[in-house]
Amino acid sequence: MKHMKALIGIMLVIVLAVIGVGCNKQQGGLDKIKLAEVTHSVFYAPQYVAIEKGFFKDEGIEIELLGAQGADKTMAALLSGEVQIGLMGPEASIYVYNQGSKDYSVCFAQLTKRDGSFIVGREPNENFTLKDLAGKEILGGRKGGVPEMTLEYAIKNSGLTIGTDTANGEVNVRTDIQFAVMAGSFTGGEGDYVTLFEPLATSLEKEQQGYIMTSVGEETGEIPYTAYSALSSYMEKNADVIERFTKAIYEGQQFVQTHSAEEIAQIIAPHFTELSLEDLTTVVARYQAIDAWCDNPILKEESLSKLMDVMELAGELDQRAPYDKIVTTKYAESVMK
């Protein structure tokens, strides 16, 4: 979390010079929105459906996707004005608010409702349980990020102890490897296990370099894992854009609730050309099976409270942030009418 706080601190200075960044009008009257996503994953299928089905264009919006590789970098892009909207864990907004920034990030639409990562091991194990992590080393992601914190939450709830004394059964959750290179580090020999999002987990399995053990989301239950955020100053000046953006996301959420994995895979295939349609369908079905996607964009107060419980358990939350400052539901409620 220290790294993230330092990075956000720098960007809070930069953002003072970027107040009022708006969206650019393109030919044909579309508002161009730069959207930073925390990672590029099938986990965000409703978003790609909304793009490919034309739901954003129907709302007069053109999306330019930027891959940020981590919530800290996504928030930095948002604070600097490089993007207008960021898709990341709400924990990033909590960190920024707790630093006392007047122009802080507000979550306005939740996309996923549980952890979307999978624990990947070196050998197949159909009988895997979290107890198998005892005495092992797992690459868990950046300290203070939701993927790492929910992993710790699951491990602790299974009765295991997190620490470096693997000889006595502790689980060594490593946080020293950057999010973007975790898969490469694992295949290079680091760790006994790693947590990966799709399609990376399936890609490793296809190459027989790793095997999916379990879904972290199934182990931890529902949590507001990823949501769309924008700076409060931007939302004040562009409320109509935020509402139209939310409507397109809501339509994408509704679509994935009522269509098959194969239908969804066919639509989002242009975003995942590295996978065959068969493999992409398998990945989509895997996320459907764990009920990963919200059916509407409202981020509820009890959900944010559970996230802060997880953050406190991980020792990453100095003080709880007020729900009405971190979240607004007015756009979600409006489009659902």
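1. Strand E4 (residues 85-88) pairs with strand E11 in the antiparallel sense over three bridges. Strands (E, at least two residues) and helices (H or I, at least four) are DSSP runs numbered from the N terminus, and two strands pair if DSSP finds at least two bridges between them. In this pairing, Leu87 has Tyr228 of E11 as its bridge partner.

2. This is a predicted model, in which local features need pLDDT of at least 70 and side-chain atom pairs count only at pLDDT 80 or more, while totals for chains, interfaces and linings use all residues. Residues are numbered from 1 along each chain as its sequence is written, and side-chain values use heavy atoms, with hydrogens and water left out.

3. E11 also pairs with strand E5 (residues 105-112), in the antiparallel sense over six bridges. Here Ala109 stands opposite Tyr228.

4. Six of the six residues of E11 (residues 226-231) are buried, so the strand is largely enclosed by the rest of the structure. Buried means under 20% relative accessible area, exposed over 50% and partly exposed in between (1.4 Å probe, protein chains only). Thr226, Tyr228 and Ala230 point one way from E11, and Ala227, Ser229 and Leu231 the other way.

5. Not counting residues up to four places away in sequence, Tyr228 has contacts (heavy atoms within 4.5 Å) that include Leu35, Gln47, Phe245 and Ile249.

6. Tyr228 and Phe245 are among the residues that touch the most other members of the largest nonpolar core, which has 92 residues. Such a core is a set of buried Ala, Val, Leu, Ile, Met, Phe, Trp, Tyr and Cys residues joined through side-chain atoms within 4.5 Å. Helix H11 (residues 239-258) supplies its largest share, seven residues.
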